[in-house]
Amino acid sequence: MTNKLQELYETHILMGMRKQRHLAQLLGAHTWHYEKAAGTMAFSPGPTYQVQVLGTEAADSETWLWAWANEASQIPAEQLQASQQLRSLGEQLGIEEFTTPELPREKLPAHTLGPVVLGLLGLPAYYRGAMDTTNLLVAIADPKYTAPLELKGTDFIATLSDTISNCEVPNHRFSVAKFLEQLGWSPNWQGDTLEVAASDGVRVICRFDELNRLAKLSSRIPAGA
C-alpha cells in the first residue's frame with residue numbers, strides 16, 4: 001500500500017467501521033443477490049439497495065480488478081460512477097492504486113479500500129459479497145438507507161475496540177483524532193490522554209503510549225445519569 005492510500009485508510013477507518021457495524025446490525029444473518037440489470041443488492045431477509053460496483057477480487061489469480069476496467073462484465077455505466085470518481089481522484093492526488101486497472105489483491109484488499117471509499121465519497125456502507133471464485137465489492141448508494149443514530153459512549157468504545165482488534169492501524173492516536181473530528185466532537189487533551197463526551201453524555205478517556213498506540217480505554221458515566 002502506498003503512503004497516500006495508507007494515510008487515507010488511517011483517516012477513515014474508524015468512521016468506516018462505525019458504518020459497517022451499523023450495516024451488520026441492519027442485516028443480521030442473511031443471504032445476498034446482486035441484480036446487474038437493476039443495479040441493486042437484495043438482502044434476504046431484509047432490504048434491497050441501489051449500489052455502485054467498485055470491483056472484484058479473483059480467488060484463483062489473487063487479483064483485484066476495478067469495475068471501470070472490467071469491460072467483459074458489461075456493468076451498466078450508472079453503476080460505475082463511484083469507481084470512476086475514485087479513478088479521477090487517483091489521477092488528481094497521485095494514488096496509483098486507484099488508477100491501475102488490475103492489482104495483486106494484497107495491495108488493495110476490499111476491507112482496506114471500503115472505508116476509504118466511504119470517507120472520500122460520503123457513502124453510508126460497503127458490502128463484500130463472497131462467491132466461489134470471485135468476490136464482489138459494492139458501495140451502497142441509496143437514499144432510503146437508514147443512517148446510524150448518534151454515537152453513544154458504549155458504541156464509541158465498541159467501535160474503537162473492534163477496529164484495533166480486527167484491523168491494522170499503526171497510529172491509533174491519529175485515527176482516533178480524525179474520527180473525533182468527523183463526529184464533530186471536541187476532545188480535551190492532557191498530554192497523551194484525551195477525554196471526550198459522547199452524545200449520551202458518557203465521558204470516554206483514551207490514553208496513548210509513546211508509539212501512539214491506545215494503551216487504555218475507559219469511560220465515566222456523568223453524575224445523576
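This is a predicted model: local features need pLDDT of at least 70, side-chain atom pairs count only at pLDDT 80 or more; totals for chains, interfaces and linings use all residues.
**Exercise 1**

Task: Describe how helix α1 packs against helix α5, and state which residues make the contact.

Solution: 
- Step 1. Locate the helices: α1 covers residues 3-27, and α5 covers residues 153-166.
- Step 2. Take the geometry. The axes of α1 and α5 are 9 Å apart, and the packing angle is about 110°.
- Step 3. Classify the angle. Values from 65 to 115 degrees count as roughly perpendicular, so α1 and α5 are roughly perpendicular to each other.
- Step 4. List the residues. From α1 come I13, L14, M17, R18 and R21, and these meet D155, A158, T159, L160, D162 and T163 of α5.
- Step 5. Sort them by class. The contact of α1 with α5 holds 5 nonpolar, 2 polar and 4 charged residues.

**Exercise 2**

Task: Work out whether α1 and α6 are parallel or oblique, and describe their contact.

Solution: 
- Step 1. The two helices, α1 and α6, have axes 8 Å apart and pack at an angle of about 55°.
- Step 2. Roughly parallel would need an angle under 35 degrees, and roughly perpendicular one of 65 to 115. The helix α1 is therefore oblique to α6.
- Step 3. The crossing of α1 and α6 is right-handed.
- Step 4. On the α1 side the contact uses E7, E10, T11, H12, I13, L14, M15 and R18. On the α6 side it uses F174, S175, V176, K178, F179, Q182 and L183.
- Step 5. By class, the contact of α1 with α6 has 7 nonpolar, 4 polar and 4 charged residues.

**Exercise 3**

Task: State how α2 and α4 are arranged and what classes of residue join them.

Solution: 
- Step 1. Helix α2 spans residues 81-93, and α4 spans 110-121.
- Step 2. The axes of α2 and α4 cross at roughly 85° and come within 11 Å.
- Step 3. This angle makes α2 and α4 roughly perpendicular to each other.
- Step 4. A82, Q85, L86 and L89 of α2 touch V117, L120 and L121 of α4.
- Step 5. The contact of α2 with α4 counts 6 nonpolar residues, 1 polar residue and no charged residues.

**Exercise 4**

Task: Find the largest pocket's volume, and name the element that gives the largest share of its lining.

Solution: 
- Step 1. The volume of the largest pocket is about 290 Å³.
- Step 2. The lining of this pocket consists of 15 residues, and those nearest its centre are M17, Q20, R21, H111 and Y126.
- Step 3. Two or more lining residues come from each of α1, α4 and β6 (125-130).
- Step 4. The largest share belongs to α1, with 8 residues.
- Step 5. By class, the lining of the largest pocket has 9 nonpolar, 4 polar and 2 charged residues.

**Exercise 5**

Task: Say how many cavities of 30 Å³ or more there are, and describe the largest cavity.

Solution: 
- Step 1. The count is 1 cavity of 30 Å³ or more.
- Step 2. The largest cavity has a volume of about 50 Å³.
- Step 3. Its lining is formed by L14, L160, T163, I164, V169, H172, S175 and V176.
- Step 4. The elements that give two or more of these residues are α5 and α6 (172-183).
- Step 5. By class, the lining of the largest cavity has 5 nonpolar residues, 3 polar residues and no charged residues.

**Exercise 6**

Solution: 
- Step 1. P45 belongs to the loop between β2 (40-44) and β3 (48-58).

Technical notes
Residues are numbered from 1 along each chain as its sequence is written. Side-chain values use heavy atoms; hydrogens and water are left out. Axes are lines fitted to C-alpha atoms, for helices over the stretch in contact, and angles run from 0 to 180 degrees between N-to-C directions. Helices (H or I, at least four residues) and strands (E, at least two) are DSSP runs, numbered from the N terminus. Angles under 35 degrees count as roughly parallel, over 145 as roughly antiparallel, 65 to 115 as roughly perpendicular and the rest as oblique. Contact means heavy atoms within 4.5 Å. Ala, Val, Leu, Ile, Met, Phe, Trp, Tyr, Cys and Pro count as nonpolar, Asp, Glu, Lys and Arg as charged, and the others, Gly among them, as polar. On a 1 Å grid over the protein atoms alone, a cavity is a set of points where a 1.4 Å probe fits but cannot get out, and a pocket is an open set with protein on both sides within 12 Å along at least five of seven lines; lining residues have an atom within 4 Å of a point. Grid points are joined across faces, edges and corners, and a volume is the space filled by probe spheres set on the points. A crossing is left-handed if the near helix is turned anticlockwise from the far one by less than a right angle, and right-handed if clockwise.
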